[in-house]
Amino acid sequence: MKIIIADYLYIDGNFVENLAIAFESRIEAVDLPENLIARYPEAELIRAKPYTVIYPGFINTHVHLEFSANRTSLKYGDFMPWLDSVIEHRDDLLQACDNEMMSQECNQMLRSGITCFGAISSFGTELEVCENTPQRVVFFNELIGSNAQYADMLYNDFLERVKASQSCDNQSRITPGIAIHSPYSVHPVILQRAVTLAKQHAMPLTTHFLESQAEREWLEKGSGEFKAFFEKFFNTSTPVTNIEEFLHAFDTYPAHFVHCVQANEAELAHLKAKGHTVAHCPRSNRYLGCGRLALESLEALELPYTVATDGLSSNDSLNIFDEFRAALMLHHKAPVDLLARKLIKASTEDAAKALRLNNGSLKVGKDADFALVTLPELPKRPEEIALWTLLHTKEADAVYIEGEQYV
Ligand code: BEZ
Ligand code: FE2
């Protein structure tokens, strides 16, 4: 048993003073330090530095490790030129991305306090890295393929990858999951099979959804920049599905919808009604010219959201604090302190629910995953701790996963 004592614990959105946590691989008790010491006299005592806040480990719900080699290959600014550049450079980028590079990125996430992430896997090449990284990983095997002719073959390849992620070493902290690439790139027949599979195995399920204006136009009208893209690369000029049909495929099983920047109020309301959640990727959306997710609309609907870095294919780092600060800038009309609080809740408690995990809060029975953040001085107003955390933190001071310290 270990007991950790810090100036502040982040519990239920509040910064509570004078409490400590007793833990092994899970949280055993949260109480006054003297009570815990009396109850567990043999426990190892850990005293955090002054002005430290214990947060549940941060959860990055959506990242593509396989594209970690990108620095300047991909064209930022607009979605379609970016997608064209992905097709052009994909093979080179995958070739350049080895296990060492991906491990380094996992480590960067870890140092920023990310104890858990959702890895979108197109090819399964990062499975070994995810097995060996200390973090919990929801390994989202991605299904792609809009052409009915190749659908069975692509589905079978996807099934093989799902099976590989289901038979990982017990030492790893992998949860197998399913990712649907997007409405424009997955044929409705295999989409339905994959959703059914996720439901049968109670696996976390995710999908990119309405990321760009071009995607919306293609799905609604069969026109716009995607038309030229599909004519050029797939020899077709009509979409295989529409927004409504795609959304309804998920009606019986809650999923995590990534981006949703171009979703309208009715679609967001539908996500809420069916128990879905949204992943917000502020830097990716900004860099690819996709627009701003109207967080205020999600909040009005009480539609839960998480914060995610996406991959280095549309970002400059996988540091969750860089992402938080970008969100503070992107949503420039939101009260800054309130937004800081919401972003922290989004990346802990709400993210754990979205990925169906037993972490994300400092409560008895939850996984002992912590990110310790040391503030530069005693905060003058405790109610602003969330904001000072986001503004002053580049890396966590210490990181625990399943009760073990890794940073
Ligand atoms: C498709 O299979 O339709 C597809 C694959 C990659 C990008 C876009 C579409
Ligand atoms: Fe993504």
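This section describes salt bridges and helix packing in a predicted model. Residues are numbered from 1 along each chain as its sequence is written, and chains are lettered from A and ligands numbered from 1 in the order in which they are written. Local features require pLDDT of at least 70, side-chain atom pairs count only at pLDDT 80 or more, and totals for chains, interfaces and linings use all residues, while side-chain values rest on heavy atoms, with hydrogens and water left out.

A salt bridge is defined as a side-chain nitrogen of Lys or Arg within 4 Å of a carboxyl oxygen of Asp or Glu. Under this rule, 25 salt bridges are counted. One of them joins arginine 136 to aspartate 367, with the closest N and O atoms 3.6 Å apart. This pair connects distant parts of the chain, 231 residues apart: arginine 136 belongs to strand 10 (residues 136–143), and aspartate 367 to the loop between helix 15 (349–354) and strand 16 (370–374). Helices (H or I, at least four residues) and strands (E, at least two) are DSSP runs numbered from the N terminus. Accessibility is classed as buried under 20% relative accessible area, exposed over 50%, and partly exposed in between (1.4 Å probe, protein chains only). Arginine 136 is buried at 12% relative accessibility, and aspartate 367 is buried at 9%. Both residues also take part in a network of salt bridges that links Arg26, Arg136, Arg173, Asp367, Asp369 and Glu402.

Two further salt bridges lie within helices. In helix 5 (residues 148–166), aspartate 157 and arginine 161 are 4 residues apart and therefore separated by about one helical turn; their side chains meet at 3.1 Å, N to O. Aspartate 157 is partly exposed at 41%, whereas arginine 161 is buried at 12%. In helix 8 (residues 225–234), glutamate 231 and lysine 227 are likewise 4 residues apart, about one helical turn, and form a salt bridge at 4.0 Å, N to O. Glutamate 231 is partly exposed at 42% relative accessibility, and lysine 227 is partly exposed at 29%.

The axes of helix 13 (residues 320–330) and helix 16 (residues 385–392) come within 8 Å and cross at roughly 115 degrees. Axes are lines fitted to C-alpha atoms, for helices over the stretch in contact, and angles run from 0 to 180 degrees between N-to-C directions. The contact (heavy atoms within 4.5 Å) involves Phe321, Phe324, Arg325 and Leu328 of helix 13 and Leu387, Thr389, Leu390 and Leu391 of helix 16.

In helix 10 (residues 265–273), the buried residues are Glu267, Leu268, His270 and Leu271. These residues lie on the same side of helix 10 because they cover an arc of only 155 degrees around the axis, the arc being that of the directions from the helix axis to the C-beta atoms. Ala266 and Ala273, on the other side, are exposed. The cover over the buried residues of helix 10 includes helix 7 (213–221), helix 9 (243–248), strand 13 (256–259), strand 14 (277–280) and helix 12 (295–301). Helix 7 in turn has Ala214, Glu215, Arg216, Trp218 and Leu219 as its buried residues, and these pack against helix 2 (79–96), strand 12 (205–209), helix 8, helix 9 and helix 10. Glycine 222, which follows helix 7, has a positive phi near 65 degrees.
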